[in-house]
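Subject: Handover of a structure and its description

Dear colleague,

Please find below the structure that I am handing over to you. I would ask you to keep it open while reading the notes that come after it.

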Amino acid sequence: MSDSSPALELEFLSRLLAAAVLAGLLGWEREVRGKDAGLRTHILVGVASALFVLIGEAMLVRYRGLDQVAQVDMTRVLSAVAQGVSFLGAGMVFVWRGDSVRGLTTAASVLATAAVGVAAGLELYLLASGTTLLILLVLWGLGKLEAGKAESGTR
């Protein structure tokens, strides 16, 4: 028994496309800077996060009217996305030569990309787009500020 329709699935695909474009912008920034998690990683994280939300939404439609045990708790979907992406991010962070941490910003950008994907999956396009711009401002603008600070020798 399926309550899905081609129109609904096309709508879902448009949300995935929005997540891919926005996540791609974030991944491009990381790619240009030569970071390990770049364009492909960010797009996959954004699309996967949106897809988890969409699957949760589809399950709500499919199983509506059943007892509460069969209902989908969307907060659990969001929690699972955050936990999974955080685990992925933890693998990107490592200590470099015993005194400095590497990969933390990239791991944080992957987590933020997942949140953008979730927002796109929920059709919160203005929020997802605005958040993408804010993240880019942090990555580009503050990255340049930090580089300038390092060049001037003030750490």
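The model is predicted, so local features require a pLDDT of at least 70 and side-chain atom pairs count only at pLDDT 80 or more, while totals for chains, interfaces and linings use all residues. Residues are numbered from 1 along each chain as its sequence is written, and side-chain values use heavy atoms, with hydrogens and water left out.

Overall layout

The chain contains five helices and two strands. Both kinds of element are DSSP runs numbered from the N terminus, helices being H or I of at least four residues and strands E of at least two. In sequence order the pattern is α-α-α-β-β-α-α. The C-alpha trace spans about 65 × 30 × 20 Å along its principal axes. Of the 155 residues, 31% count as buried, where buried means under 20% relative accessible area, exposed over 50%, and partly exposed in between, with a 1.4 Å probe and protein chains only. Among contacts (heavy atoms within 4.5 Å) between residues at least 6 apart in sequence, 64% join residues at least 24 apart.

Helix contacts

Helix 2 and helix 3 have axes that come within 10 Å and cross at roughly 160°. The two are therefore roughly antiparallel, a term for angles over 145 degrees, as against roughly parallel under 35, roughly perpendicular from 65 to 115, and oblique for the rest. Their crossing is right-handed, which means that the near helix is turned clockwise from the far one by less than a right angle. From helix 2 the contact takes V45, S49, F52, V53, G56, E57 and L60, and from helix 3 it takes M74, V77, L78, V81, V85 and L88. By class there are ten nonpolar, two polar and one charged residues. In this scheme Ala, Val, Leu, Ile, Met, Phe, Trp, Tyr, Cys and Pro count as nonpolar, Asp, Glu, Lys and Arg as charged, and the others, Gly among them, as polar.

Helix 3 (residues 74-90) packs with helix 4 at an angle of about 155°, the axes being 9 Å apart. This pair is therefore also roughly antiparallel, and the crossing is right-handed. L78, V81, A82, V85, S86, L88 and G89 of helix 3 meet A107, V110, L111, A114 and V118 of helix 4. The contact comprises ten nonpolar, two polar and no charged residues.

For helix 2 and helix 4, the axes come within 7 Å and cross at roughly 35°, in a right-handed crossing. Residues of helix 2 in this contact include T41, H42, G46 and A50, and those of helix 4 include T106, S109, T113 and G121. Here the classes are seven nonpolar, nine polar and one charged.

Nonpolar cores

A nonpolar core is a set of buried Ala, Val, Leu, Ile, Met, Phe, Trp, Tyr and Cys residues joined through side-chain atoms within 4.5 Å. The largest one has 16 residues, of which L26, V116, A120, A128 and I135 touch the most other members. Helix 1 (6-32), helix 2 (39-62), helix 4 (104-121) and helix 5 (125-151) each give two or more residues to this core, and helix 1 supplies the largest share, six residues. A second, separate core holds ten residues, among them V53, M92, A114 and V118.

Single residues

T106 is located in helix 4 and is buried, with a relative accessible area of 7%. Apart from neighbours within four places in sequence, T106 contacts R30, K35, A37, H42 and M92. K35 belongs to the loop between helix 1 and helix 2 and is partly exposed at 37% relative accessibility. K35 and T106 are 71 residues apart along the chain, yet their C-alpha atoms are separated by 7.2 Å.

E123 sits in the loop between helix 4 and helix 5 and is partly exposed, with a relative accessible area of 40%. Most residues other than glycine have a negative phi. E123, although not a glycine, has a positive phi of about 65°.

Yours sincerely

Key:
Axes are lines fitted to C-alpha atoms, for helices over the stretch in contact, and angles run from 0 to 180 degrees between N-to-C directions.
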